[in-house]
Amino acid sequence: QVQLVESGGGLVQAGGSLRLSCAASGSIFRVDDMGWYRQRPGEQRELVAKITRSGSTNYADSVKGRFTISRDNAKNTVSLQMNSLQPQDTAVYFCNAKVFTSLLSGRDYWGQGTQVTVSS
């Protein structure tokens, strides 16, 4: 079984920073794409940032220049550094990873979510 465990959410004032971390554990053969999504109340979950195993990144337009995603392949972790936070960044943030438990068997896994609240 594979688990994704997130940490680092919380309450911050507008203009502040937070760092989210996510660690994948369990029966892991390989971790491919990793990413962060967020979901505001009443809205659909949306992509915030993704990073491939080789380090290529993709960001939502709303966070470009403010958020930075990174990963450690040896530790199966992914982090999201969030700077210049704005009230509209308030959401539950979810870690996502494509995890292979064998050479041919892989699927998406999700973390439990961590709340980020930005006060104005």
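This is a predicted model: local features need pLDDT of at least 70, side-chain atom pairs count only at pLDDT 80 or more; totals for chains, interfaces and linings use all residues.
Visitor: Let's start with the overall build. How many helices and strands does the protein chain have?

Guide: Start by looking for helices and strands, then read them in order. Here the protein chain has 11 strands and 0 helices. Going along the sequence, the pattern is β-β-β-β-β-β-β-β-β-β-β.

Visitor: And what is the radius of gyration of the protein chain?

Guide: The idea is to set the value beside what a compact globule would give. For 120 residues that would be near 14 Å, and the protein chain has 14 Å, so the two agree.

Visitor: What share of the residues is buried?

Guide: We call a residue buried when its relative accessible area is under 20%. In the protein chain, 39% of the 120 residues are buried.

Visitor: Now the inside. Which residues of the largest nonpolar core touch the most other members?

Guide: First the general idea: in soluble globular proteins, nonpolar side chains tend to be buried together. In this model the largest nonpolar core has 30 residues, and W36, L80, M82 and Y93 touch the most other members. Several elements give two or more residues to this core, among them β1 (2-7), β4 (30-39), β8 (77-82) and β11 (114-119).

Visitor: Which element gives the most to this core?

Guide: That's β9, with 5 residues.

Visitor: How many disulfides does a search of the whole structure find?

Guide: Look for two cysteine sulfur atoms within 2.5 Å. The search finds 1 disulfide. It joins C22 to C95, with an S to S distance of 2.1 Å. The pair links distant parts of the chain: C22 sits in strand β3 and C95 in strand β9, 73 residues apart.

Visitor: Are C22 and C95 buried or exposed?

Guide: Both are buried.

Visitor: Why is the disulfide left-handed?

Guide: Check the torsion about the S-S bond. For C22 and C95 it is about -80 degrees, so this disulfide is left-handed.

Visitor: What is the relative accessible area of F29?

Guide: It is 48%, so F29 counts as partly exposed. The cut-off for exposed is over 50%.

Terms used:
Residues are numbered from 1 along each chain as its sequence is written. Side-chain values use heavy atoms; hydrogens and water are left out. A nonpolar core is a set of buried Ala, Val, Leu, Ile, Met, Phe, Trp, Tyr and Cys residues joined through side-chain atoms within 4.5 Å. Buried means under 20% relative accessible area, exposed over 50%, partly exposed in between (1.4 Å probe, protein chains only). Helices (H or I, at least four residues) and strands (E, at least two) are DSSP runs, numbered from the N terminus. The radius of gyration is taken over C-alpha atoms; the globule rule is 2.2 Å times the number of residues to the power 0.38.
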